[in-house]
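The points are numbered and can be checked one at a time against the view.

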Amino acid sequence: MNGFSPFLKKEFFELYRKGRLLLFGILFVFFGIEAPALAKLTPKLFKMMSDEFEQQGIVIKDVTSTAATSWEQFFGNLPVILIVFVIVFAGSVTNEFSSGSVIPLLTKGLSRTAFMLSKLTSTLLTWSAGLWLCFGITYAYTAYYWKDNSVQSVLPAIMLWWLFSVMVICLMFFFASFVKTHIQVMICTGSIVFAMSIIGIAQSVKKYLPITVTESMDLCTGAESVSDILPAIIITAAVTVCSAVFSVVLISKKKL
């Protein structure tokens, strides 16, 4: 696999030069702080607005926040961050081919497999580091502010969300290996996730769909266990591996 190390160094240099590492560093830190902060402030905000609501005939009972409120906000933010991430990285492969910047390197003997794996590795490392940073910040603040037992364990939930997000990123690279533009990559990736959400309405097939592993609060509160969604976990892992493998296979056949 000739060229993996130089390609990987190039990828991280480009991430730094274009400010993407700084952008997502700020984004992950912000959302990590925002989830517990908003959960903590929500009762106070409702109390401040209670007089206005009463004038409109709306009576608001005492609103309290718990650790579950914080984690619900955290997991609710993750789809937004993932969408932004896909939008930013959707052109990672296609832009290199459309601009022709990578063609001289490939024609001089550097491996297409190394090119694709360096893209995939740098992207997954950037996402994973940011996600776990965001999780760590939320975990620390939530543990500090709330000592209740509304949440049993968040580790299975965040692990499964990480698995789902890795699947989405691998799907993104799978489509990038044969389509021509980053818009097509975004549309194809988004269509797959949207289709899973629609199909998931049918309860008979829901337990097999990767989107099921993102129902994090059921795992956090103990309403659902990992064994209950084991088929979805297996299928999510299989789709992830297949997407990564086929992205490497197809990029080797892509016309320069």
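**Notes on the structure**

1. A salt bridge joins the side chains of Lys10 and Glu96, with 2.9 Å from N to O. Lys10 belongs to helix H1 (residues 4-17) and Glu96 to helix H4, so this pair ties together parts of the chain that are 86 residues apart in sequence. Glu96 counts as buried, because its relative accessibility is 9% and the limit for buried is under 20%. Lys10 has a relative accessible area of 26% and is therefore partly exposed. Please keep in mind throughout that this is a predicted model.

2. Lys119 counts as buried, at 3% relative accessibility.

3. Lys10 also has a further partner, Glu11, and the N to O distance in that salt bridge is 3.7 Å. Glu11 is buried as well, with a relative accessibility of 6%. Through shared partners, the salt bridges join Lys10, Glu11, Glu96 and Lys119 into one network. In general, side chains of opposite charge can pair when their charged atoms come close. How many salt bridges does the structure hold? The count is seven.

4. Next, the overall make-up of the chain. Along the principal axes, the C-alpha atoms fill a box of roughly 70 × 45 × 35 Å. Of the 256 residues in the chain, 42% are buried. Among contacts with a separation of 6 or more, 81% are between residues 24 or more positions apart.

5. The aromatic rings deserve a point of their own. There are 24 aromatic pairs. In one of them, Phe85 and Phe89, the ring centres are 4.3 Å apart and the planes are at 20°, so the pair is stacked; the cut-off for stacking is under 30 degrees. Both residues lie in helix H3 (residues 67-89), where a spacing of four residues separates them by about one helical turn. An α-helix has 3.6 residues a turn, so residues three or four places apart point the same way. Phe85 and Phe89 are both buried.

6. Which arrangement do the rings of Trp161 and Phe164 have, stacked or edge-to-face? The pair is edge-to-face, with 5.7 Å from centre to centre and 75° between the planes. Trp161 and Phe164 are three residues apart in helix H7 (residues 155-176), which again separates them by about one helical turn. Trp161 is buried, as is Phe164.

7. Ring pairs also build a cluster, whose members are Trp71, Phe74, Phe75, Trp132, Phe135 and Tyr139. Two charged side chains are placed over ring faces. Arg20 lies over the face of Phe89, 5.3 Å from the ring centre. Lys40 lies over the face of Trp146, 5.6 Å from the ring centre.

8. Helix H8 (residues 182-199) shows two sides. The helix has 18 residues, and its span from first to last C-alpha is 26 Å, close to the 26 Å expected at 1.5 Å a residue. Val185, Thr189 and Met196 are buried in H8. These residues cover an arc of only 25° around the axis, which puts them on the same side of H8.

Terms used: Residues numbered from 1 in each chain as written. Predicted model: local features only at pLDDT ≥ 70, side-chain atom pairs only at ≥ 80, totals over all residues. Heavy atoms only, no water. Phe/Tyr/Trp six-rings, centres within 6.5 Å; stacked < 30°, edge-to-face > 60°. Buried < 20%, exposed > 50% of the residue type's maximum accessible area, 1.4 Å probe, protein only. Lys NZ or Arg CZ within 6 Å of the ring centre and 35° of its normal. Expected span 1.5 Å × (residues − 1). Arc of directions from axis to C-beta. Salt bridge = Lys/Arg side-chain N within 4 Å of Asp/Glu carboxyl O. Contact = heavy atoms within 4.5 Å.
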